[in-house]
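Visitor: I have a structure open and would like to learn how to read it. Can we take sheets and rings in turn?

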Amino acid sequence: LTADDKSVAVNERLTFTVTFNMEGSAKIDFPTEFEVDMNVMHGMNQKMDPSGKLVTYYFVQQSGAFKKEGTYSFYAYVNYKGNKYKSNKLTIKVDEEADDDNNIVRSDDPVFGIIQASKVTVYEGEPVLVKAKIFSKLPIVTLAGYAPFKTDKNAEEHVFPNQREYIEETRVNGKPALTFDYGKQLLIPVATGKCKILPFEMALRCQGNIFTRTVRFKSSGLTLFVKPLPSGAPKSFIGGVGVYQLTQKMNATTVKQGDVLSLELTVSGTGNLHNINTPILDLPEGCSVYGDPERKDDFQFTEDGVTGSITFTYHIQFTGKGELNIPGQSIAYFDPRKEKYVVVKGESLVITIKEDKNFKPLTAKLSPADNGDSKQIAESVSKVTENKTSTDWILPLSIGAPVGLLSIFLLLVF
C-alpha cells in the first residue's frame, strides 16, 4: 500500500495504490475521516523478475481527501481463493496547513506534469486559461487516467471538453522528451488574495524495454495572485472585467402620449460577460421605465473568456409631449490590460411624442382619511377608465398610496 504523499493538508487530494501479485479483489480500509472519490482505477503490469520469469502485478487506485487533521494508520486487504492477505501499514499525517511544496517541478522524474496559466497575476473577475502540461522521457502509448486540477477556493471553473492529444517533441534538461497539453479550464477568480490550484493526477501507459507499463504521477501546483479592482469605480460600473462595447436602439421614434416603446441596450465583448449587472438608465422627465427589464444571453465560454453579448430590453412609457431627447446610455467596465475603468456610451435618440387628449394619467393623491370612502375612489377610477382608448394604455400608480386603497383600487378596476 502506497500514497502520493505522507504529509498533507485537510481537503488536499491524495491517491492511494494497492499493488499485489495475485488475481484477487483489493480493498483499502480507509479511516472514517477520509472521503473517498467514487472512481476506482484498476490495472495490471508485467515485469521480468531476476530469474527471468514473467510476473504479473495488479493494482487498484483510489483517491480522496481527509476532512480532519490528525495522524492516521491503516491497511489494505486482498481476498484471493478464500484467503485474506494484509498489506503493510501506511501512516498519513494531516495538518490544517501542510508544507507547501506543491509548486515544486520534479523535472528529473521520467514523467512529470505542471499547471500552466495564461497569467499568474490577475484582477478579481479576470478570466484565466489554465491547462495541464505533461512531459515524458519515455515513449507514450496511451492515456490511462486523469484527475483534474482544482482551485482551493473562490473561483468559477469552466472545463473545456478534452480533444485528441497532440504529442510534440521537446527537450527537458537538455535531453529529448515528449510533451502534450490536457484538461483546459477557464478560471474566473471571484475573491482577492492567493488562489491555489491543486495538482492534477495522471496515469500514462508508456513503452518499457520489453513491455508497456503504467506510470502514475502527481503534477506540481500553481498559485494565482488575485488583485482587487481599484477604488473609484464610476456609477455606471456594471461589474464587467474585460473589453466591452455598447449599442442602443429603440423600436420606434414616434409615439402617442401614454404609449410604451422598447429600448434595447446590448453589451458585447469578452471577459466575465455572464456576471455583469443590469445597466441603470438615465432618462429625462416625461418618460419612465415600466416593469423589469428583460435579459437575453448570447455568449459562450472560450479560451479568451466569456465571449458574446447580452441584450437588456427596457419598456418605457412616454407621458410628456413634443420632442424628447433620450441621452446615450453609458456603462463602465474595468479593462485589465489598461488597468483602468473605461466608460462607453450609446447614441442619443430623439422621440416625437404626439399629444393624446384622451390620455389622463392618475395624479390624484389619496390620503389615509379617504380609506373608507370607497364611493369616491370608485368615481375617480370610473372617470379614468371611461377615457381609456384602444391603444396600449398603462396606469402609473402612486408609490405613496396606502396598501388598503391600492387593493380596493385594483379590485374596482378589474
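Guide: Let us start with a pair of residues. This is a predicted model. Thr254 stands opposite Thr352 in strand S32.

Visitor: In which sense do S24 and S32 pair, and over how many bridges?

Guide: Begin with the general idea. Strands of a sheet pair through backbone hydrogen bonds, either parallel or antiparallel. Here S24 and S32, residues 349-354, pair in the parallel sense over three bridges.

Visitor: What is the order of the strands in this open sheet?

Guide: The order is S24-S32-S29, three strands with mixed pairing. The edge strands are S24 (254-256) and S29 (322-326), and each pairs on one side only. From one strand to the next, the twist averages 30°.

Visitor: Let us move to S30. Why is strand S30 described as largely enclosed by the rest of the structure?

Guide: Look at accessibility. Buried means under 20% relative accessible area. Five of the six residues of S30 (330-335) are buried, so the strand is largely enclosed by the rest of the structure.

Visitor: Which strands join S30 by bridges?

Guide: Take S23, residues 237-250: two bridges join it to S30, and the two run parallel. Val241 has Phe334 in S30 as its bridge partner. Then take S31, residues 340-345: six bridges join it to S30, and these two run antiparallel. Ser330 has Lys345 in S31 as its bridge partner.

Visitor: How many residues lie between the strands in the hairpin of S30 and S31?

Guide: Four residues lie between them, and Glu339 takes a positive phi near 55° in this hairpin.

Visitor: Now the rings. How many aromatic pairs does the structure hold?

Guide: The structure holds 17 aromatic pairs. Take Phe16 and Phe74. Their ring centres are 5.4 Å apart and their planes are at 70°, so this pair is edge-to-face. The pair links distant parts of the chain: Phe16 is in S3 (residues 13-20) and Phe74 is in S7 (residues 70-74), 58 residues apart.

Visitor: Are Phe16 and Phe74 buried or exposed?

Guide: Phe16 counts as buried, at 0% relative accessibility. Phe74 is buried too, with a relative accessible area of 3%.

Visitor: What kind of aromatic pair do Phe112 and Phe135 form?

Guide: Theirs is stacked, with 5.1 Å centre to centre and 15° between the planes. Phe112 is in S11 and Phe135 is in S13, 23 residues apart. Both Phe112 and Phe135 are buried.

Visitor: Which residues do ring pairs link into a cluster?

Guide: Ring pairs link Phe16, Phe30, Phe34, Phe66, Tyr72 and Phe74 into a cluster.

Visitor: Where does the charged end of Lys86 sit?

Guide: The charged end of Lys86 sits over the ring of Tyr75, 3.9 Å from its centre. Lys84 lies over the face of Tyr77, at 4.6 Å from the ring centre.

Methods:
Residues are numbered from 1 along each chain as its sequence is written. This is a predicted model: local features need pLDDT of at least 70, side-chain atom pairs count only at pLDDT 80 or more; totals for chains, interfaces and linings use all residues. Side-chain values use heavy atoms; hydrogens and water are left out. Two strands pair if DSSP finds at least two bridges between them. Axes are lines fitted to C-alpha atoms, for helices over the stretch in contact, and angles run from 0 to 180 degrees between N-to-C directions. Buried means under 20% relative accessible area, exposed over 50%, partly exposed in between (1.4 Å probe, protein chains only). Rings of Phe, Tyr and Trp (its six-membered ring) pair if their centres lie within 6.5 Å; planes under 30 degrees apart count as stacked, over 60 as edge-to-face and the rest as tilted. A charge sits over a ring if NZ of Lys or CZ of Arg is within 6 Å of the ring centre and within 35 degrees of the ring normal.
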